[in-house]
Structures are given as C-alpha cells and as structure tokens.
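Please look over the sequence and the model below before reading on.

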Amino acid sequence: MINIAFSKGECLDHYNWGDDCHGWTFIDTEALSVKQELMPPDTAEQLHYHEKATQVFFILKGRATFHIDGNVTELKPEQGIEILPGQKHFISNNDRSDLEFILYSYPSTNHDRINLK
C-alpha cells in the first residue's frame with residue numbers, strides 16, 4: 001500500500017458552498033470524510049443535523065461560532081469541538097478575517113444531512 005500525501009493543491013475535490021465558502025476534500029470513504037474548509041467574514045451555514053455522522057471541527061485560523069442545540073460556543077485556533085448525531089447545529093464566521101478549519105466526519109455525511117429552517 002502506498003500512502004499518498006494531500007494538500008489543498010492536491011486533493012480529491014475542491015468545491016464551493018454557501019456564500020463564497022470553499023472546501024477541499026482529502027479523504028472521502030463511506031466510513032470517514034476529512035475536509036478543509038474556508039469561510040470568509042460574515043458567512044454562516046444553514047441549521048442542520050446528521051442522523052448517523054459524528055463531526056469533529058478543528059480550527060486552524062480565525063474564530064468560529066458554533067450554534068449547537070440552541071447553545072453558542074466560540075472557538076479560536078487550535079481548539080476543536082465534537083458534534084454528535086442528531087445535534088442541530090451550524091457554524092458561522094462573525095469575524096473580520098477568514099475562518100479555516102479541518103472537518104472530520106465519521107461515517108461520511110454523504111446523504112446524511114437534514115437541513116432545517
């Protein structure tokens with residue numbers, strides 16, 4: 001087996017999401033997804049939950065605001081948070097600089113996202 005290094009320049013997929021946000025997929029199997037995402041200032045995703053996936057966010061740059069089951073938690077670089085299946089959540093960047101983070105999902109969130117209003 002050959003281990004393959006990855007980076008934003010050498011990834012499985014680059015994608016755009018939300019309001020000019022970017023993502024890079026490094027690992028994408030049924031059991032595990034590893035991505036790096038970037039959110040410009042004053043952006044947020046939609047409130048949602050996952051039925052099966054646990055997600056772990058690890059902040060690389062900027063400040064993240066997480067809304068999880070009605071509670072607000074702010075994280076700075078080198079801090080992380082785990083979000084369990086069924087927890088209603090979204091992340092926002094209320095700062096004046098870009099927010100970058102690593103996102104681990106196990107199992108993958110493919111076909112496992114329920115958006116809420």
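Predicted model: local features only at pLDDT ≥ 70, side-chain atom pairs only at ≥ 80, totals over all residues.

Residues are numbered from 1 along each chain as its sequence is written, and side-chain values use heavy atoms, with hydrogens and water left out.

**Largest pocket**

- The largest pocket holds about 270 Å³ of space, where a pocket is an open set of points on a 1 Å grid over the protein atoms alone, at which a 1.4 Å probe fits and protein lies on both sides within 12 Å along at least five of seven lines. Its volume is the space filled by probe spheres set on the points, which are joined across faces, edges and corners.
- The lining of the largest pocket consists of 18 residues, and those nearest its centre are Glu37, Glu45, Leu103, Thr109 and Arg113; a lining residue has an atom within 4 Å of a point.
- By class, the lining of the largest pocket divides into 6 nonpolar, 8 polar and 4 charged residues, with Ala, Val, Leu, Ile, Met, Phe, Trp, Tyr, Cys and Pro counted as nonpolar, Asp, Glu, Lys and Arg as charged, and the others, Gly among them, as polar.
- Strands β1 (13–17), β3 (33–39), β6 (54–61) and β11 (99–106) each supply at least two residues of this lining, and β11 gives the largest share, 3 residues. Strands here are DSSP runs of E with at least two residues, and helices are runs of H or I with at least four, numbered from the N terminus.

**Strand pairing and the annotated domain**

- Strand β11 pairs with β3 in the antiparallel sense over 7 bridges, and Met39 stands opposite Leu99 in β11; two strands count as paired if DSSP finds at least two bridges between them.
- Strands β6 and β11 also pair in the antiparallel sense, over 7 bridges, and here Phe57 has Leu103 of β11 as its bridge partner.
- An unreviewed UniProt entry carries the annotation "domain: Cupin type-2" for residues 38–102; such positions are given in the numbering used here, feature names are shortened, and annotations may be inferred rather than shown by experiment.
- Over residues 38–102 the chain is 0% helix and 57% strand, and the end C-alpha atoms lie 9 Å apart.

**Salt bridges**

- A search of the whole structure finds 2 salt bridges, each defined as a side-chain nitrogen of Lys or Arg within 4 Å of a carboxyl oxygen of Asp or Glu.
- Lys8 forms a salt bridge with Glu100, the closest N and O atoms being 3.3 Å apart. Lys8 lies in the segment before β1 and Glu100 in strand β11, so this pair ties together parts that are 92 residues apart in sequence. Lys8 is partly exposed at a relative accessible area of 33%, whereas Glu100 is buried at 12%.
- Arg113 and Glu45 meet through their side chains in a salt bridge of 3.4 Å, N to O. This pair links distant parts of the chain, 68 residues apart, with Arg113 in the loop between β11 and β12 (114–115) and Glu45 in the loop between β4 (43–44) and β5 (48–49). Arg113 is partly exposed, with a relative accessible area of 37%, while Glu45 counts as buried at 16%.

**Backbone details**

- The peptide bond from Tyr106 to Pro107 is cis, with omega near -10 degrees, and Pro107 lies in the loop between β11 and β12.
- His111, in the loop between β11 and β12, has a phi near 65 degrees, a positive value in a residue other than glycine, and is exposed, with a relative accessible area of 89%.
- Asp42, in the loop between β3 and β4, has a positive phi near 60 degrees, and is likewise a residue other than glycine; Asp42 is exposed, with a relative accessible area of 64%.

Methods. Buried < 20%, exposed > 50% of the residue type's maximum accessible area, 1.4 Å probe, protein only.
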